[in-house]
Amino acid sequence: MTAERLRSVLDAVATMSSDLSIDGLLERILRQAGDLVDAESGFLDALDRRLGSFAAYGIDGVVDDQHPGRQLLVDLLEQDPTAFIGVPIRIQDYLFGNLYLIGKRSGGGFTQEDEEIVLALASAAGVVIENARLYEEGERQRRWLEAAAEITTTLLSPISRTSALLLVADRARDVAIADFVALLMPGDDETLVVEAVSGLPAEGILGGSVDARHSIAGDAARLRETIVVPDTALEPRYEAHKTPSWPDLGSFMVLPLRSGDDTGALLVGWLKGSDTLRWELDPMVPQRFADQAALVLQVARAQEDQARLAVFEDRDRIGRDLHDLVIQRLFGIGLMLDNTTKLIPSQTAADRLSSAIDDIDETIMDIRRTIFALSPGTGTSDLRAELEQVLRHSAKLLGFTPELRLIGPVDSVVPDEVREHLMAVVGEALSNVVRHAQASKVGVVLEVGQDIALVVSDDGNGLSDGQAGNGLRNIRVRAALLRGRCEVSSEPGSGTTITWTVPRSAS
């Protein structure tokens with residue numbers, strides 16, 4: 001090899017090494033080799049698919065995985081064995097792929113010196129490819145670590161658990177360049193509930209459940225181990241029909257959210273046909289992100305519980321003030337007016353005063369109902385417990401306990417902004433029953449599916465024309481504020497049914 005051509009090889013290696021990005025690396029190597037020996041065309045067939053599978057130039061139609069250039073190579077070998085050069089590209093001890101150069105522009109066949117030049121370049125290309133792979137791996141680790149730091153930084157300011165869940169899902173999808181991310185948290189011993197979705201519309205997926213005992217996500221959460229599925233076609237446990245609203249994934253990894261006794265799962269997936277071959281699906285660094293995310297979610301939940309406890313303490317204080325001050329004063333005024341009626345000679349005036357006393361008594365009952373609604377239970381953050389507590393309080397006024405029925409992931413899915421309105425609507429509806437219905441049976445059904453549906457029904461008097469007062473108006477207003485709807489079905493003497501439906505998220 002002449003000194004001039006050796007310098008050309010060194011310049012080509014320097015050019016290849018100047019850019020460590022993976023994108024287009026195989027094409028750059030192939031072009032440098034072709035220019036060095038004046039080749040008309042060529043292709044690079046990679047056996048290690050992490051950085052790509054194929055590169056070609058000067059050969060029409062060689063763009064897919066069938067590699068029609070191989071047949072062209074066979075034809076050339078039959079015509080002129082000197083019309084091509086084929087050399088392996090090795091990275092340390094394993095074969096990365098093969099580089100083929102076809103036809104010399106200046107005519108004639110390739111020389112022994114040409115072959116030596118291409119061999120030297122292929123040897124250097126192995127080092128360049130390995131450096132590029134290590135660089136990209138380092139960049140991938142850096143992105144995961146930055147994402148973990150970002151979600152941790154969010155704890156410096158108050159954040160709701162719902163927002164934290166969505167942030168974790170979005171950042172995981174961005175860093176992994178994934179098509180779909182789902183965050184699943186324990187619903188009960190047998191199910192995992194999808195509480196955040198990124199990459200696809202959440203309708204039909206968010207709030208859905210996955211069998212915790214017979215699913216890949218369930219296995220990852222139960223065993224607290226990362227599961228990687230490079231090709232779903234080769235994974236017998238992958239059954240797309242069990243989650244029909246989910247996308248049909250080509251590859252994915254499930255990262256357990258290991259924090260405390262409850263373990264969730266973060267599923268990061270790529271659709272079939274997506275370019276995921278360049279990803280090694282090495283879960284080590286993503287799992288660190290998942291562990292940090294689990295801690296963030298645990299702290300976010302603790303912050304919510306603390307904030308909710310503060311609200312309960314305020315409500316308890318307000319309730320005590322209403323009971324100890326307002327009700328006692330109203331009660332005293334009522335007694336004074338009642339004694340005054342005995343001193344009034346006019347029966348009409350006495351009747352009017354008695355009516356005012358009745359209004360005061362009704363106001364005292366309203367305030368007591370408000371106190372009950374303000375006291376959902378000491379330190380509880382469980383929606384089921386809150387509802388049961390409100391129903392127990394209303395039973396003191398009704399003379400019986402309303403029947404409660406819950407359907408779906410009530411405790412884990414209903415967001416705080418909806419929960420507040422929901423509890424107010426239950427209190428208002430039960431208050432209407434106490435005041436007007438004279439019912440012997442009341443039922444409360446809360447169902448969480450794609451929407452949140454609350455149904456309060458009674459077998460009382462029903463509503464007469466024009467009877468809908470402030471209570472029902474308030475219930476309708478709360479539904480409208482959440483982009484929902486309220487329907488009232490009632491006939492005199494046949495009871496009343498209030499159906500209050502709102503989306504699971506008001507955003």
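A helix is a DSSP run of type H or I with at least four residues, and helices are numbered from the N terminus. The structure described in this report is a predicted model.

**Helix 9 and the residue after it**

Helix 9 covers residues 383-398, 16 residues in total. From its first C-alpha to its last, helix 9 reaches 22 Å, close to the 22 Å expected at 1.5 Å a residue. In general, an α-helix has 3.6 residues a turn, so residues three or four places apart point the same way. Just after helix 9, G399 adopts a positive phi of about 95 degrees.

Six strands form an open sheet with antiparallel pairing, in the order 7-6-5-10-9-8. Strand 7 and strand 8 stand at the edges; each has a single partner strand, so one side of each lacks a neighbour in the sheet. On average, neighbouring strands of this sheet are turned by 25 degrees against each other, direction ignored. The table lists strands of this sheet with their residue ranges.

| Strand | Residues |
|---|---|
| Strand 6 | residues 191-198 |
| Strand 7 | residues 209-211 |
| Strand 8 | residues 227-229 |
| Strand 9 | residues 249-258 |
| Strand 10 | residues 263-271 |

Strand 6 and strand 7 pair in the antiparallel sense over three bridges. L192 has V210, in strand 7, as its bridge partner. In general, strands of a sheet pair through backbone hydrogen bonds, either parallel or antiparallel.

Helix 6, which spans residues 216-223, lies across strands 6, 7, 8, 9 and 10. Helix 6 runs at about 25 degrees to strand 9.

**T232 in a loop**

The loop between strand 8 and strand 9 contains T232. Its relative accessibility is 5%, and T232 therefore counts as buried, the cut-off being under 20%. The side chain of T232 reaches the backbone oxygen of L249 at 2.7 Å. Leaving aside residues up to four places away in sequence, T232 touches Y238, L249, G250, S251, F252 and K272.

Four aromatic pairs are found in a search of the whole structure. One of them joins F43 and Y100, whose ring centres lie 5.0 Å apart with 35 degrees between the planes, a tilted arrangement. This pair links distant parts of the chain: F43 belongs to strand 1 (residues 39-46) and Y100 to strand 4 (residues 94-104), 57 residues apart. Both F43 and Y100 are buried.

Note on methods. Residues are numbered from 1 along each chain as its sequence is written. This is a predicted model: local features need pLDDT of at least 70, side-chain atom pairs count only at pLDDT 80 or more; totals for chains, interfaces and linings use all residues. Side-chain values use heavy atoms; hydrogens and water are left out. Rings of Phe, Tyr and Trp (its six-membered ring) pair if their centres lie within 6.5 Å; planes under 30 degrees apart count as stacked, over 60 as edge-to-face and the rest as tilted. Helices (H or I, at least four residues) and strands (E, at least two) are DSSP runs, numbered from the N terminus. Buried means under 20% relative accessible area, exposed over 50%, partly exposed in between (1.4 Å probe, protein chains only). Two strands pair if DSSP finds at least two bridges between them. Axes are lines fitted to C-alpha atoms, for helices over the stretch in contact, and angles run from 0 to 180 degrees between N-to-C directions. Contact means heavy atoms within 4.5 Å. The expected span of a helix is 1.5 Å times one less than its number of residues. A polar contact is a pair of N or O atoms within 3.5 Å; within protein, one must be able to donate a hydrogen and the other to accept it, and residues adjacent in sequence count only if both atoms are side-chain atoms.
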